[in-house]
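Below is a short report on one strand and its surroundings in a sheet. Please look at the sequence and the model first.

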Amino acid sequence: MLSVLDIFRIGIGPSSSHTVGPMRIARTFVRALEKSGKLGRAARVAAELQGSLALTGVGHGTVDATMLGLIGFAPDTTCPDEAAQALADLRQDKRLALGGKREIAFDPAADIDLAGHILPDLHPNGMKLTAFDGEGKVLAERTYFSTGGGFVASEAQLKRKPKDDRINTGTQVPHDFGSAAELLAACKSTHLSIAELMLANEDAFRSREKTMEGIDRVAKAMDQCIDRGLTQRGILPGGLKVERRAPDLWDKLSANPQSNEREQLFDWLNCFAMAVNEENAAGGRVVTAPTNGAAGIIPSVIRFYCQTADEQPCRDSRRTFLLTAGAIGLLYKQRASISGAEMGCQGEVGVACSMAAGGLAALWGASPVQIASAAEIGMEHNLGLTCDPVGGLVQVPCIERNAIGAVKAVNAARLALHRTGAETLVSLDQVIETMRQTGLDMSNKYKETSQGGLAVNVIEC
C-alpha cells in the first residue's frame, strides 16, 4: 500500500507531473551519480524531455524544474524566491553545480532537448538524463517517468509488472485493499470508518504522532496557500495576461459575509479554489491534491466546511477529511492513474472532485457506503474531461475548472446522503475502471499536450 502522505505532497507550482516530478527525477539522477562515485567525473549533463513533458514543458515549468533538480532543489523545501534567483544566475553564467557540489557548464538551450515527437510506450511523461565525462563519454544514462501527482518511476520499475492490479511498495498494512469493494468490506468487518481504517494502516509507515503531524502540516500548507492567494493581485506569468480574480472576490465576500443570497456558497468555494490555483499558476507553494492542476478543490471544500472557532474540532475535521479523501485517491492511483497526460483532466480535477466529495460526506456523518457513493458521483460527472491547457499553461481552463470541481464535490456529497436505496447502480470501482478505459481511448491531443480543444481554438481566434 501507499501512504496517504504520498497522495498529499507539498511542492511548488504549476504542475505536479511537469514540475514536481521532473525536479525529483533530476535530483534523483544526480544523487545516483554521487552514490556511484561518478559525480566528480561529470563534465556535462543532458536532459531529453519526451511526450507531454516536452509539448507543454515550457508553460508547465518543466525546463526550470529540471535545472533546479540538477542543482539539488527538492519540491517540498523549495523557496520560490531562492529558486528564481538560482535560475537567473544559471541563465546568466551558463553554469550550475550538480547537487550543489560539482560545477559544470550548462546551457539550457543546448542541454535540454524538448523531444515532443517521442511518445514513450510506458508513460507519456518520459525523461532521459545522460551524464558525460570530460572526453564526451557516457558516464550514466537513465530514463524516468513522471506518473502524476509528483510520483516518479524508473523505466525498470514501470516494466516490472505487479503480481496483481495493486501497487506494491513493500509496506504491509493491517487492512490491505486494492478496490473500493475490499475497502468497504474491511470497514464492515472491523467496524471502522474509512478514516479510522486509513489511520490504522498509516501506523505501518510511522508512529501515530508522526502521521498526525504530517496530516496537520498538509492542512496548514493548504490554508497558507489560500491565504496567500487571497492577497496577491496582478497578472499571472506566461503571456496569456490572465488576471488574478480571487482577491477581488474575497473583498466582496468579506464586506458582506452574512448575505442571505443562496448562491453565495458558490462564491466562497470559487474564491478559495481559485486562490489556490492562481498561486499554483504563479509557481507558488501548493499541495498535490492529488495533483497541482487540481490542487484547489480539496482545500476549498475543507476551508469552507472545516473552519470553526474551536481549534481542536477544526483539526479533527480536517484529519477525517484528508484521511478519507486520501483513501479514495489511493484507489484511483492504484487502479487507474492521476496523470493528465494519461487520463486527461478527468484524472486530475475529476479525481480531486471525487476525493473531496467523499471527504465531505465523511464530515457529514456518512457511512462508508455513502462515502463511496459520493466519490462515485463526483467522478461520474467528470468522465471524459479533457486536458487542453491554453498556451501550455496551467491557467485556462484549469483555474476555473477547480472552482467548478469544488461546487460539484459538495453537490455529489449531498446527493449521496439523500440516496434512499442501499445499493447504487454504479459502484466506485466501476466508475474508476470507466475513467481508466476512457483515458486510454482518449486522443493524445486532449491529454496535456495543448494540441487540441481550447488550446487550439483559443489561439486560432
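The model is predicted: local features need pLDDT of at least 70, side-chain atom pairs count only at pLDDT 80 or more, and totals for chains, interfaces and linings use all residues. Residues are numbered from 1 along each chain as its sequence is written, and side-chain values use heavy atoms, with hydrogens and water left out.

Strands (E, at least two residues) and helices (H or I, at least four) are DSSP runs, numbered from the N terminus. Two strands pair if DSSP finds at least two bridges between them.

S7 has antiparallel pairings with S6 and with S8:

| Partner of S7 | Residues | Bridges |
|---|---|---|
| S6 | 126–132 | 7 bridges |
| S8 | 151–154 | 4 bridges |

The S6–S7 hairpin has 5 residues between the strands, with Gly-136 at a positive phi near 85°. On the S8 side, Gly-148 stands opposite Phe-151. That hairpin has 2 residues between the strands, and Gly-149 in the turn has a positive phi of about 70°.

The open sheet has 5 strands in the order S5-S2-S6-S7-S8, with mixed pairing. S5 (112–115) and S8 are the edge strands, each pairing on one side only.
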